[in-house]
Amino acid sequence: MPLGSALFDNARDAAPELARLLAGKRAVALTGAGISTESGIPDYRGPGTRERARSPIQHRDFLRDASLRQRYWARAYVGWERFSRSRPNAGHRALAELEAAGALAAIVTQNVDRLHQAAGSRDVVELHGALAEVRCLSCGSVESRDDVQHRMTLQNPTLADATGAAAPDGDAELARSIADRFLGPECVTCSGPLKPDVVFFGGTVDKAIVDAAYERVERAEVLLVLGTSLVVYSGFRFVRRAHERGIPLAIVTLGETRADGLATLRVQGPLGEVLVETARLLGVPPEG
Ligand SMILES: NC(=O)c1ccc[n+]([C@@H]2O[C@H](COP(=O)([O-])OP(=O)(O)OC[C@H]3O[C@@H](n4cnc5c(N)ncnc54)[C@H](O)[C@@H]3O)[C@@H](O)[C@H]2O)c1
Ligand SMILES: [Zn+2]
């Protein structure tokens, strides 16, 4: 931790400090999987994650191996039911209220769950895309995941009731024997293979999206880092940039992050509580 930085482990002590840091400043938030765990979506690296950790699909493998794609879609098919029913939690709502009140300018998110938008946040840069959209690897056309899900249900009538434990990224754990029988989806336009329109591990973020995120960070007067270990470079680079610019950096994340040494304010507390209390101290009324 840099000299003069402060560490808090509970919302009651942390919120006044966070509110002081944010007051009258143009704040931008960088969010990760940790803001959505309170909505029931697992993260990769949180406390207790280890036992269900498994290796997520790599971009390269998805492109080159049809059988991996088939198994991916089988798991994703089963996981979608629960994932698509997830609702924003108090932390998402507090951020939307802070934006509406002019206390937060924008969110750059690594999440693919669209829960910020569902909570009412408007300026959201989705660094890694969204699972709600699917793209054809051959012709590039995009369609909604709900439509693709519907086609998969029709093609796999015996799997309609299959369930599996929730895994990060809308995935589910699923027996190999079931996954191997699964008929994966095809593009309605060209019959090409489909990929959820998200950035898998080893994939690259579109330059236009990276630029949009940098643009938010360049105009920020304080950066809030919320629920991300920052292990993935695609998020970490924005924190590094904020540090180079010399703006205050507040990190609210349980567990270690890659930027702990750069933080002005470090909070090891649950996001819902911390954000709700901070918004209250800033005079932002809770949702009616
Ligand atoms: N909800 C989603 O859309 C989702 C879920 C899992 C993974 N992903 C993807 O995987 C990558 C994972 O990287 P990441 O850094 O975002 O996640 P991560 O799993 O590496 O880190 C999440 C961090 O949040 C902390 N955390 C969990 N619950 C918290 C809570 N209630 N309050 C405070 N902190 C909490 C964890 O301890 C952990 O340090 C991302 O790029 C993202 O695209 C997305
Ligand atoms: Zn196509």
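The following conversation concerns the two ligand sites of a predicted model.

Biologist: Which residues are closest to ligand 1?

Modeller: The closest are R45, Q110, T228, S229 and L254, and they belong to a set of 29 residues that surround ligand 1.

Biologist: How does that shell divide into nonpolar, polar and charged residues?

Modeller: The shell around ligand 1 holds 13 polar residues, 11 nonpolar ones and five that are charged.

Biologist: What lies 2.6 Å from an oxygen atom of ligand 1?

Modeller: That is a polar side-chain atom of S229. An oxygen atom of ligand 1 also lies 2.7 Å from a backbone N or O atom of Y44. On the side of the ligand's nitrogen, an N or O atom in the side chain of D113 is 2.7 Å from a nitrogen atom of ligand 1.

Biologist: And how much of the accessible area of ligand 1 does the protein cover?

Modeller: Ligand 1 on its own has 850 Å² of accessible area, and the protein covers 97% of that.

Biologist: Let us turn to the metal. Which residues coordinate the zinc ion (ligand 2)?

Modeller: The SG atoms of C136, C139, C187 and C190 coordinate the zinc ion, at 2.3 to 2.4 Å. Along the chain, these donors follow the spacing C-x2-C-x47-C-x2-C.

Biologist: What is the geometry of the zinc site?

Modeller: The site is tetrahedral, with angles of 100 to 115° among its four donor atoms.

Biologist: How many disulfides are there?

Modeller: The count comes to zero disulfides.

Biologist: What about C139 and C190?

Modeller: C139 counts as partly exposed, at 39% relative accessibility. C190 also counts as partly exposed, at 34%.

Notes:
Residues are numbered from 1 along each chain as its sequence is written. Chains are lettered from A and ligands numbered from 1 in the order in which they are written. This is a predicted model: local features need pLDDT of at least 70, side-chain atom pairs count only at pLDDT 80 or more; totals for chains, interfaces and linings use all residues. Side-chain values use heavy atoms; hydrogens and water are left out. A residue is near a molecule or strand if one of its heavy atoms lies within 4 Å of it. A polar contact is a pair of N or O atoms within 3.5 Å; within protein, one must be able to donate a hydrogen and the other to accept it, and residues adjacent in sequence count only if both atoms are side-chain atoms. Accessible areas come from the Shrake-Rupley method with a 1.4 Å probe; for residues, only the protein chains shown count as cover. Ala, Val, Leu, Ile, Met, Phe, Trp, Tyr, Cys and Pro count as nonpolar, Asp, Glu, Lys and Arg as charged, and the others, Gly among them, as polar. A disulfide is a pair of cysteine sulfur atoms within 2.5 Å. Buried means under 20% relative accessible area, exposed over 50%, partly exposed in between (1.4 Å probe, protein chains only). Donors are N, O and S atoms within 2.8 Å of the metal (3.2 Å for Na, K and Ca); water is not among the atoms, so sites may look incomplete. Four donors count as tetrahedral if all angles lie between 85 and 135 degrees; four count as square planar and six as octahedral if opposite donors are over 155 degrees apart and all others between 65 and 115; anything else is irregular.
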